[in-house]
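Hi,

Here is the structure I said I would pass on.

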Amino acid sequence: MAARLRFNAFTMNCVSHIHHGQWRRPDTRQLDYLDLNTWVDLAKTLERGKFDAIFLADVIGTYDVYGGNRDVAVEEGLQTPVNDPSLLIPALAYATKDIGFAFTQSILQEHPFNYARRLSTLDHITNGRVGWNVVTSYLEDTGRNLGYGGLPPHDERYERADEYLDVIYKLLEASWDDDAVIKDTENGIYADPAKIHNIDHVGKYFDVVGPHVSEPSPQRTPILFQAGASTRGRAFAAKHAEAIFIAGRNPQGAKAHVDEVKQNAAQYGRNPDDILFYQGLSFVVGGTEEEAKRKKAEIDEYASTRGYAAHFARRHRHRRLPVRPRRARREHRDEQGPGHRQGPRRGRARQDVDLRRARPLGDRHADRRHARADRRRAPAVGRRRRRRRERHVPRHARVLRGLRRRRHPRPAGPRPRPARVRPRNAQGKAHRRGFRAPPERPSSRRRAPSRAPAGLALHLPNPPERTMRTPKTLLPLLVLVAGLALAACGGSDSSSGNADEFADAKPVKGGTISYGHEQEPPCLIGGWVQQAYIQRQFSDSLVSQVEEGEIVPWLATDWKVSEDQKTWTFTLKDGVKFTDGTPFDAEAVKTNFETWLNPKSLNPTVDAYIGEYYKSSKVIDDTTFELTLTKPYSPLLSALSQGYFGILSPKQLAKGPEANCEQPIGTGPFIVKKWNRGKNIEFVKNPDYNSAPQNAKHQGPAYVDGITWKFLGDQTLRYGSLTSGESNVIYNVPTVNWKDAKGKFQVQQYITPGRPVTFSLNTAQGVFTDKKVRQAFGYAADRKAAVESAFNDVIPYNGNGSLSQSTPDYDESLADAYPHDVAKANQLLDEAGWTEKNAEGIRTKNGKTLTAKVVYPAGSVVSAEGVTLLQNVQEQAKEAGFDIKLVPSSPSETFSGKYSTPDSYDAITWYWTSPTAGVLYIVWRQNLKDRPNGNNSSFYNNPKLEDTIEAANSTQDEAEQQKLYAEAQQLINEEAAAIGIYTQTTSLASQPELRDVWIENSQGEPVFHDAFFAKKQP
Ligand SMILES: Cc1cc2nc3c(=O)[nH]c(=O)nc-3n(C[C@H](O)[C@H](O)[C@H](O)COP(=O)(O)O)c2cc1C
């Protein structure tokens, strides 16, 4: 599995950064750190060597714990003396073209108002190439010297940091409008005063009125880095950072860290895939093995244990380090964070040592002894060990999900695109350096960071060797003292819990998975996402969508599309059988398409996706199937990857809808043995399964013997069944139990792409026919706060009413659409003529009250927590004079179509999971061929919108498509035809021993084919 590596040089404006003792070597330039030429040479060298950025560490203070004073630190040049890193940047930027510069600054150091100006200035003069490593300081004298009377407590520093960033965001993102600077030389107006705003921040630590005093810079907020290792630090990183340094000792440790941060990031409403993780790894590289060995020996010779000890000691100022059993040690390490491993390996000498009282080791002998210990953790050297390290790199890369790479041969035809928002400045660029935001980035009012940096890597202890001349000879030498980092993206799963003891377990056969699901559909197949979840267990689709949004082979091994984009030819897997013995072939695929689209056996969702694009199906030969469309349809492959498009046995299909409702048959890993309505579905394993998708973890039959798919609608009972051990895994963990589940189980959360849960406002009949009233409803309530509170900060708010934030081509500029603004709501309602109020404070017009019937499909769309949210909105909307009547629709009412006509509600809450922005076509068309579009729950008719969406669906030009889908979202938003609330989200929690359950990417269903019950490792 090839991963693209991103390189980031990690260094510091001082003599000895982290590789202590090396400054004494005659062949380094560490003593020249005061000479600007040294840094310019370094920057140019790294740029030639294709590094993405230079990262400059920093501390404010001295290492004075070891030996009870700072003597050793000073003697060793251990980050003392140290100069300001940010002041190097202008010179380095001037001497280079596109390399990025990330520098460290503590939030204790400077008032955010002043610092915001420094950031803007640096971003301007580097043309968007600057990044900020946000730290909270750990040296005691930092606090003393900056007037805090000592270092504020650890968690309080992070609390302060949160507010600090809040102020920074407000100043950099919200104070100046994009079009504030006019530069109108004719009229002598440089900037428009109306477009520059105060921020009026009043907080616990800072009061800042604003406005920001610099004009908007290329990135506005520079790329944010973070390296917090504690629980609080990781949460902070998850909330703010776009690139995170980790120091996992092994792939499992790295994975745990990455998973935790991603999980937290999702809870902050961020796309976890937008965060890059950089793993620190050290290498010694030579032109030959001998050369590398020689260099390593030199490093050992110069390594200063005193330096490491003094550096390390600060972490344990109040600790003794007793001998600990393995597990306790691991916990201790977690508590300390990965950075904990930076010092020499703890050996016997560290047992029960109070480092405050430890005496400095001054002698060469001690240095050697510790250097020997250090060697055990030292970089790989020479051929054999180098190979081992090389194996290590891809393993980390796997954990970190590697980079944007094309793992599979790209299918012919329209380019499938990621299922989630891609890191913006990684988009389509093989190796983009520097941090400048791409032009398409909406630059105003960014709240949570969502970009990922161009990337970089790690550890240059100091300026390069004097002898470096060309990148070719230089780079290996550079890496001699450099580390390497891997950047990563992708991944929806976010497991944690106490599953470590099973982390390395090998698959074992046997056992039946007891799975607690939420909703029971009326049939096992059909057009509801819950049916697709079930269908996935017993049938296979033609293609599968992988995490990065790529389409990979499944029942189709290959496909191509004609020049006019209308004829698709699929090559099918040979030798596959349905579980009733019927061969899987092109005829079977043809029968499926024809059955799905036959009015008598219609699959409404298949019809919604391709009904109007479908022309004909043709069998070319047993393994070649041809699909002809009426017009180009670029989301086709994404659509086909979903469970609704699972291929079913033609023999069974011939028995009619009823038989297939109860006992559908596919080629999948499990067979429906029995559906005990109201209770469960019993699945048994398909012993002959040979058609897993390419992205499965293994081919061949499932490891487990079967699944008991239980329907546990009550969320408390469902979670209780997990904690009691009655269920091995459950769906949709109640958000109130999320934190508990994270500590005990493996948890995964998946933010479903498609249409988020929205208020669809009835534009055809009732109070919401007036656009101003619709808009007023949007402004009337603090939907974001209501979501955060009702879902305990677990399920993200989604202000964009058209697409969920994980959908490709989601328009982020609408993330905060219709923010809470009662004054605006009042103004709009006044303008709409709702000027009077009755005794209850409800607005009236011509004797009618401003009453809106809001229907919510209880149990099928809106959970108990969702009801709390709606009640919050109801309460708040009252302030603007709305009378909201909440009306639950039971599942049977929902499925019988009780609330599907314009006279049946004023607003309804809906979602629609879909891996493509093509879902807009499904939701916003007015009419289908022969009937109104039941999915258009706003009854909104706008030919311009339909044309825009159809043009987006048909174009092959990705940029054009993105633009058109964005236009469609903006139109829907401007019309307030739907108001966004929250993302439809799948979560899973499984017992630690149940391994390798994963969430599928097109819709978010659990996949059990790879799952197995691990045995405890000895
Ligand atoms: C690769 C890496 C680089 C770091 N660079 C700095 C730095 O330059 N300045 C600093 O004060 N802390 C730095 N740190 C420390 C972290 O910011 C953080 O304080 C530390 O990992 C402990 O985490 P915690 O604060 O969440 O307990 C770095 C950590 C790592 C892993």
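Predicted model: local features only at pLDDT ≥ 70, side-chain atom pairs only at ≥ 80, totals over all residues.

Residues are numbered from 1 along each chain as its sequence is written, and side-chain values use heavy atoms, with hydrogens and water left out.

Let's begin with the ligand. It is surrounded by 15 residues, and D58, H154, Y158, A229 and S230 are the closest (a residue is near a molecule if one of its heavy atoms lies within 4 Å of it). Sorted by type, this shell holds eight nonpolar residues, six polar ones and one charged. For that sorting, Ala, Val, Leu, Ile, Met, Phe, Trp, Tyr, Cys and Pro count as nonpolar, Asp, Glu, Lys and Arg as charged, and the others, Gly among them, as polar.

Which residues make polar contacts (pairs of N or O atoms within 3.5 Å) with the ligand? The side chain of S230 has an N or O atom 2.6 Å from a ligand oxygen. In the side chain of Y158, an N or O atom is 2.8 Å from an oxygen atom of the ligand. With A229, a backbone N or O atom is involved, 2.9 Å from a ligand oxygen. The ligand on its own has 610 Å² of accessible area, and the protein covers 89% of that (Shrake-Rupley method, 1.4 Å probe). Helices here are DSSP runs of H or I with at least four residues, and strands are runs of E with at least two, numbered from the N terminus.

Next, the cavities. How many are there of 30 Å³ or more? The count comes to seven. A cavity here is a set of points, on a 1 Å grid over the protein atoms alone, where a 1.4 Å probe fits but cannot get out; lining residues have an atom within 4 Å of a point. Points are joined across faces, edges and corners, and a volume is the space filled by probe spheres set on them.

The largest cavity has a volume of about 290 Å³. Its lining has 27 residues, and E518, N732, I795, S863 and T985 lie nearest the centre. By type, the lining splits into 11 nonpolar, 13 polar and three charged residues. Both α21 (715-723) and β34 (985-990) supply at least two residues, with β34 giving the most, at three.

Now some strands, which count as paired if DSSP finds at least two bridges between them. β19 (residues 614-621) and β20 (residues 624-629) run antiparallel and are joined by six bridges. They form a hairpin with two residues between them, and S617 has L627 in β20 as its bridge partner.

There is also an open sheet of three strands, in the order β27-β28-β29, with antiparallel pairing. Its edge strands are β27 (836-837) and β29 (848-849), each pairing on one side only. Two bridges link β28 (residues 843-845) to β29, and T844 has T849 as its partner there.

Finally, the backbone spots. The peptide bond from T80 to P81 is cis, with omega near 0°, and P81 sits in the loop between α2 (71-76) and α3 (89-95). The bond from G210 to P211 is cis too, with omega near 5°; P211 is in the loop between β8 (207-208) and β9 (223-226). Q565 is not a glycine, yet it has a positive phi of about 65°. You will find Q565 in the loop between β17 (556-561) and β18 (567-572).

Cheers

Conventions: Polar contact = N/O pair within 3.5 Å; in protein donor to acceptor, adjacent residues only side chain to side chain. 1 Å grid on protein atoms, 1.4 Å probe; cavity = no way out; pocket = protein on both sides within 12 Å on 5 of 7 lines; lining within 4 Å.
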